[in-house]
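Student: Hi, I have a model open and would like to talk through how it is put together. Could you walk me through it?

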Amino acid sequence: MSATFMESTHGKIHLCYLGYRYYGKSKNQNGSEYWISVKCNATATSFSDLSVVVRDEHTHLPDGKEKEVLEMRKILKYKIIEESGSIDRIVEEAYHAIHAQPQSIDLIINLPAIHTIKNTLQKQRRKTRPPVPQTIEQLPSPLPGVYCKTAQGE
Ligand SMILES: [Zn+2]
């Protein structure tokens, strides 16, 4: 990976490296440049051959990953509301799909634990549909509209 540079909205040059963005702090005598993360205190030095040395750990995710994690959670939320399959199965299938892609290791590390995400999704589903009745006596009368529809939505 080598450094790339982009112009910020304020016309300043930013260093982009491995998904992190830095602003320029100072230029050294030997032509290398000293940078600071735009989101935390991590610092980096870039050299004229475009190599970069990062000195500290970032306290946040790289830009692309944050978006991926959000996207994944959005898809899961949509699925548990739109589909009637068990939450366990939906979540496990989703996690399985990411595990199948070796480049997604970062994504897995940054996702909440599988039981945490299942709990969150259980709550979201309970908000959007009534619990499944255990016995025929528990069926509310008249039936709520959602149970009067066939799978085809009729
Ligand atoms: Zn940072």
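Tutor: Happy to. One term to begin with: two strands pair if DSSP finds at least two bridges between them. Also keep in mind that this is a predicted model.

Student: Thanks. Which residue does Leu 15 stand opposite in β3?

Tutor: Leu 15 stands opposite Tyr 22 there. The strands involved are β2, residues 13-17, and β3, residues 20-27, and they pair in the antiparallel sense over four bridges.

Student: And how many residues sit between β2 and β3?

Tutor: Two residues lie between them in a hairpin, and Leu 18 in the turn has a positive phi of about 50°.

Student: What does β3 do with β4?

Tutor: β3 pairs with β4, residues 33-37, in the antiparallel sense over five bridges. Lys 27 stands opposite Glu 33 in β4. This is a hairpin too, with five residues between the strands, and Gly 31 in its turn has a positive phi of about 95°.

Student: Okay, keep going along the chain. How many bridges join β4 and β5?

Tutor: Four bridges, in the antiparallel sense. Ile 36 is placed opposite Thr 43 in β5, and the hairpin of β4 and β5 has five residues between the strands.

Student: Which strand does β5 pair with in the antiparallel sense over three bridges?

Tutor: That is β6, residues 52-54. Ala 44 stands opposite Val 54 in β6. Their hairpin has five residues between the strands, and Leu 50 takes a positive phi near 70° there.

Student: Which residues of β5 are on the covered face, and which on the uncovered one?

Tutor: Ala 44 and Ser 46 form the covered face, while Thr 43 and Thr 45 form the uncovered one. As background, side chains in a regular strand alternate between the two faces of the sheet.

Student: Nice. Switching to the inside: what makes up the largest nonpolar core?

Tutor: Seven residues: Leu 15, Tyr 17, Tyr 20, Tyr 22, Trp 35, Ala 44 and Val 52. The elements that give two or more residues to this core are β2 and β3.

Student: And what does Val 52 touch, leaving out residues up to four places away in sequence?

Tutor: Val 52 touches Ala 3, Tyr 17, Ala 44 and Ser 46. Of these, Tyr 17 and Ala 44 are listed in the core as well.

Student: Let's change topic to helices. At what angle do α1 and α4 pack?

Tutor: Helix α1, residues 63-82, and helix α4, residues 114-128, pack at an angle of about 45°, with their axes 9 Å apart. That angle is why α1 counts as oblique to α4. The crossing is right-handed.

Student: Which residues make that contact between α1 and α4?

Tutor: On α1 the contact uses Leu 76, Lys 77, Ile 80 and Ile 81; on α4 it uses Ile 117, Leu 121, Gln 124, Arg 125 and Thr 128.

Student: How do the axes of α2 and α4 cross?

Tutor: The axes of α2, residues 87-99, and α4 cross at roughly 135° and come within 10 Å. Because of that angle, α2 is oblique to α4. The crossing of α2 and α4 is right-handed.

Student: Last one: which residues are in contact there?

Tutor: From α2 they are Ile 87, Asp 88, Val 91 and Tyr 95. From α4 they are Ile 114, Ile 117, Lys 118, Leu 121, Gln 122 and Arg 125. Ile 117, Leu 121 and Arg 125 are also among the α4 residues that contact α1.

Key. Residues numbered from 1 in each chain as written. Predicted model: local features only at pLDDT ≥ 70, side-chain atom pairs only at ≥ 80, totals over all residues. Core = buried A, V, L, I, M, F, W, Y, C linked by C-beta atoms within 7 Å. Buried ≥ 20, exposed ≤ 12 C-beta atoms within 10 Å, placed from the backbone. Contact = placed C-beta atoms within 7 Å. Axes fitted to C-alpha atoms, helices over the stretch in contact; angles between N-to-C directions. Parallel < 35°, antiparallel > 145°, perpendicular 65-115°, else oblique. Left-handed = near helix turned anticlockwise from the far one by under 90°.
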